[in-house]
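Subject: Handing over a structure, with notes

Dear colleague,

I am passing on the structure below, followed by notes on what was found in it. Please read them with the model open beside you.

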Amino acid sequence: LLLARAAVRQKEMAVRLALGASRARLMRQLLTESVLLSLLGGVAGLLLAWGGVKLFVAANPFNVWQLEQVKTEGHVLLFTLGVSLLTGLLFGLMPAWQASKQPLVETLKEGSQSVTLSRSQARLRELLVMIEVALALILFVGAGLMMRSFRQLQTINPGFSTERLLTFKISLPTPIYNERAKVIQFHQQLIERLIALPGVSAAGASFEMFAKDVPTAILEIEGHPMTQTGKDIEIAWDAVSAGYFPLMGIPLRQGRLFTAQDQLKAQPVVIVNEALAKRFWPGQDATNKRIKMPNILDDGAVIVGVVADYRRRGLETEIGPEVYIPVEQFGLWEGQWFVRTNVEPLGLATAVRQTVRQLDNQLPLQRLQTMEQTLAERLAPRYYSTLLLGLFALLALLLAAIGIYGVLSYQVRQRTHEIGVRLALGAQPRDILVLIVKRGLILALIGLTFGLLGAVALAQFTTGLLYGVSAFDLTTLITVTLVLLGTAVLASYLPARRATQVEPVVALRYE
């Protein structure tokens, strides 16, 4: 835009030179104007950033990025000032240089020479517009892929029921709960008291759901050739309550579930998921097989049941083989509790706190919330990252549209005399419209071509951020391209429409 503005002011600069202004003085004037613009833009950007942070803090219930700690401090102001000054100098230098080097006599002359000189400078302006379009497309493709990926995550079935489910975490201090029997007793008593609450249908516990790091162990299967090769097979495992699977709505596929008889001194038993059963016993009954897990089940345990797979490790994590051990035999010092209710879950929060305090008034409840809130919390970082990227893409789209509009507006002004001649010789307004819009579309198409190439080249860096969507997703690429193309048409149409309203008589007198 500064380049186009400087080209429009060529004759003004030539007059100033003719009246005695030095070329250095003209450069200082243009640089001062561009720096002033950039500083004003920096102040506006700083205000928008301040308001944007406030908005994100208000709309960020899970405090994804600890935004309340972000403050407009001195180093932020200095950084903004530095970027603004650098922007003004960088983008004001080229127009100022061109304006100071223009030939004085030729510029003061009327006629086609000035047009020829302007055309020789137009390539740089159009190149910048094409770069804007290309960068906007790359950002928009990234935002589009992230949005599709987020929608894919929202449609994933976690494998368990999340409705009317209240959750909280408890950590038992080992100095007090220093024996496995004490931990198991606390566990059983708390379940009994929770189930006795009005509006509660079931209660249970396991290790933390959707934890970043889940417990793993080496799996050994007695007599199975796959575990006798000398290569360790590492699997995830969990300790769950006897009624955990019915509580969570996870169906049983083979065998039985844990019962009250699976106590500390009873025969060690485990339940496995379908992924483990299909991997080691495809098409067979996995029950009554014996497994070992060093440091967890040193003496081995019998598989008594197989349950359906569910996404305990997160919606984005692929389901793998898992083993489940009864809390009544193993204990659970630190875990997540689940309370299935017949009423609004958060309405029982106070009663649940009081129940825990009756057993041990020194135990704090952590993260008391519904399972829907837990899922939303896990998806929040991806949601806000997608939202930010989408906002940046919209800004890039706006800049590209302004660039196209600015260049074409200058060209319309530059070609006013030519347009008047065309109209005087019989050209229809639609012909002028097509002429101007066509130029804008050419700039946009070239920029889109390079943008698509850039998006494909950068696809390898976005693959790890996506779920269920390919980095080369054709739907996203086509949609984004059409959106940018439509924006380019709109940005081209406005100056083109103004060109069709040129009066031939006025245009023929235009200098």
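Helices and strands here are DSSP runs, numbered from the N terminus, with helices being H or I runs of at least four residues and strands being E runs of at least two. This is a predicted model, in which local features need pLDDT of at least 70 and side-chain atom pairs count only at pLDDT 80 or more, while totals for chains, interfaces and linings use all residues. Residues are numbered from 1 along each chain as its sequence is written, and side-chain values use heavy atoms, with hydrogens and water left out.

Trp-237 is part of strand S5, which covers residues 234-240, and because its relative accessibility is 5%, Trp-237 counts as buried (buried means under 20% relative accessible area, exposed over 50% and partly exposed in between, with a 1.4 Å probe and protein chains only). Once neighbours within four places in sequence are set aside, Trp-237 has contacts (heavy atoms within 4.5 Å) with Phe-207, Pro-215, Thr-216, Ala-217, Met-293, Ile-296, Arg-312, Val-323, Ile-325 and Phe-330. From Trp-237 to Pro-326 the separation is 89 residues in sequence, and their C-alpha atoms are 11 Å apart in space.

Ser-84, which belongs to helix H4 (residues 74-101), is buried at a relative accessible area of 6%, and, not counting residues up to four places away in sequence, Ser-84 touches Ser-38, Leu-39 and Gly-42. Gln-369 sits in strand S12 (residues 366-370) and is buried with a relative accessible area of 11%; apart from neighbours within four places in sequence, the contacts of Gln-369 are Leu-165, Leu-166, Thr-167, Leu-346, Thr-374 and Glu-377.

Turning to the helices, the axes of H7 (residues 180-195) and H11 (residues 349-359) come within 10 Å and cross at roughly 145°, where axes are lines fitted to C-alpha atoms, for helices over the stretch in contact, and angles run from 0 to 180 degrees between N-to-C directions. On the H7 side the contact is made by Phe-186, Gln-189, Leu-190, Arg-193 and Leu-194, and on the H11 side by Val-352, Thr-355, Val-356, Gln-358 and Leu-359.

Helix H12 has 44 residues (371-414), which at 1.5 Å a residue should span 64 Å, and the 63 Å between its end C-alpha atoms agrees with this; the expected span is 1.5 Å times one less than the number of residues. H12 bends by about 45° at Leu-379, with a proline, Pro-381, following within four residues, the bend being the angle between axes fitted to the seven residues ending at a residue and the seven starting there. For helix H14 (residues 429-457), the 29 residues should span 42 Å at 1.5 Å a residue, and its end C-alpha atoms are 42 Å apart, which agrees. Among the buried residues of H14 are Ile-432, Ile-436, Val-437, Gly-440 and Leu-443.

Finally, two asparagines deserve a look. Most residues other than glycine have a negative phi. Asn-288, although not a glycine, has a positive phi of about 70°; Asn-288 lies in the loop between helix H9 (274-280) and strand S8 (290-293), and is exposed at 64% relative accessibility. Asn-295 likewise has a positive phi of about 70° without being a glycine; the loop that holds Asn-295 runs between S8 and strand S9 (297-307), and Asn-295 is exposed, with a relative accessible area of 70%.
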